[in-house]
Amino acid sequence: MPLFIQNREIGCINSTAELFVKYPHLQENGRAFCCKPHVDVDPKSLLYVQQREFAATTPADNCVSVIGSDDATTCHLVVLRHTGSGAVCLAHCDGSDPRSEVPLLVEAVSSLSDACKPGRLELHLVGGFNDDSEKSHKLSLSILASFQNQHEDVHLETCCISEMNDVVVNGTHRPVVYGIGVNVQTGDVFPSSFTHKGPAEELRSARTFTGGQMTEIYDSRQGLVKIGPCEWSPNLDITFWLSQKDDIILKYLSTSPEAEQPHFVQHMKSTIRFLIEHPNCGGLFPGGQPQLYHRTQTGDWERTVRFESHALNLPVEPDCFGL
């Protein structure tokens, strides 16, 4: 079980409360993280990760300087970084299958790390709160157990999860931190929120809404965001949701209705409209090929058009910021 805290291997943990009692410095670090200043990120240097997605890159990437994700209530945001290579991965985990998802994150970072450079894998966990159903606590333990089962040694550095990320507002428990970013160059992890969640925000949300599993969305070697191909039933019976009151949508489509951000319902409606407008998802992926997006010199994500399987506007070594 190679999960370490202060270079000591963690034994069996039965609850997050037990974890924080056994390792009190994690409480101090968790509280300190909650107090860190909120950082505004330039969307033209951001790679945004949605629910059930992950992305990995290295400091050599000229297209992305920050990977970020937000809107996490019971969900957890996971950052894994190799200190030698600087390769870093961020994932937005909702508890669908941590046991199979965590190895994907370890492999993503390991594959981008130079074996000749000494270093270690460091883990930062942020998310969850004291929700009534204890979904957050269950996910916290599941993620920690999944990292304990990896072959590689992993060192837990930040653990701002469940009760450490909880605040009571007007009698209601809510997360303190809903979103984070990680600086690709320095590895610094910080609280943040994001207004731009693209590219292909609605398509990516539709994939998750219809049961899509954890997927990697970024090819750092080519500087490409890759979406799909994915599938959903053309006979989804979801139109009735658009006629429901906001509180009904919130109650039944959220794992934590009282803790959601104000834009949650609008986001759900937008996703449902997208699915209704695109009942046949095959048309979104001509030839069964994924949608690809590259970063332009102005910092925007732009769809890469393909003809006969040859990509246009696809630099071999992307120099997105003109560096």
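Two strands count as paired if DSSP finds at least two bridges between them. Keep that rule in mind for the views below, which come from a predicted model.

**View 1. Strand β1 meets strand β2.** Here β1, covering residues 3-5, is joined to β2 by 2 bridges, and the two strands run antiparallel. Look for Phe 4, whose bridge partner in β2 is Glu 9. Strands of a sheet pair through backbone hydrogen bonds, either parallel or antiparallel.

**View 2. The open sheet of 8 strands.** Follow the order β2-β1-β9-β8-β6-β7-β4-β14 across the sheet, where the pairing is mixed. At the edges stand β2 (8-9) and β14 (215-216); each has a single partner strand, so one side of each is left without a neighbour in the sheet.

**View 3. Helix α2 on the sheet.** Now find α2, made of residues 24-35, which lies across β1, β8 (121-127) and β9 (154-161). What angle does α2 make with β9? The helix runs at about 55° to that strand.

**View 4. An aromatic pair.** The model holds 4 aromatic pairs. One of them brings together Trp 232 and Phe 274 in an edge-to-face arrangement, at 6.4 Å centre to centre and with 70° between the planes. Trp 232 sits in the loop between β16 (224-227) and α6 (246-253), while Phe 274 belongs to helix α7 (residues 264-277), so the pair ties together parts that are 42 residues apart in sequence.

**View 5. Trp 232 and Phe 274: buried or exposed?** Buried means under 20% relative accessible area. Trp 232 has 8% relative accessibility, so this residue counts as buried. Phe 274, at 9%, counts as buried too.

Terms used. Residues numbered from 1 in each chain as written. Predicted model: local features only at pLDDT ≥ 70, side-chain atom pairs only at ≥ 80, totals over all residues. Heavy atoms only, no water. Helix = DSSP H or I, 4+ residues; strand = E, 2+ residues; numbered from the N terminus. Contact = heavy atoms within 4.5 Å. Axes fitted to C-alpha atoms, helices over the stretch in contact; angles between N-to-C directions. Phe/Tyr/Trp six-rings, centres within 6.5 Å; stacked < 30°, edge-to-face > 60°. Buried < 20%, exposed > 50% of the residue type's maximum accessible area, 1.4 Å probe, protein only.
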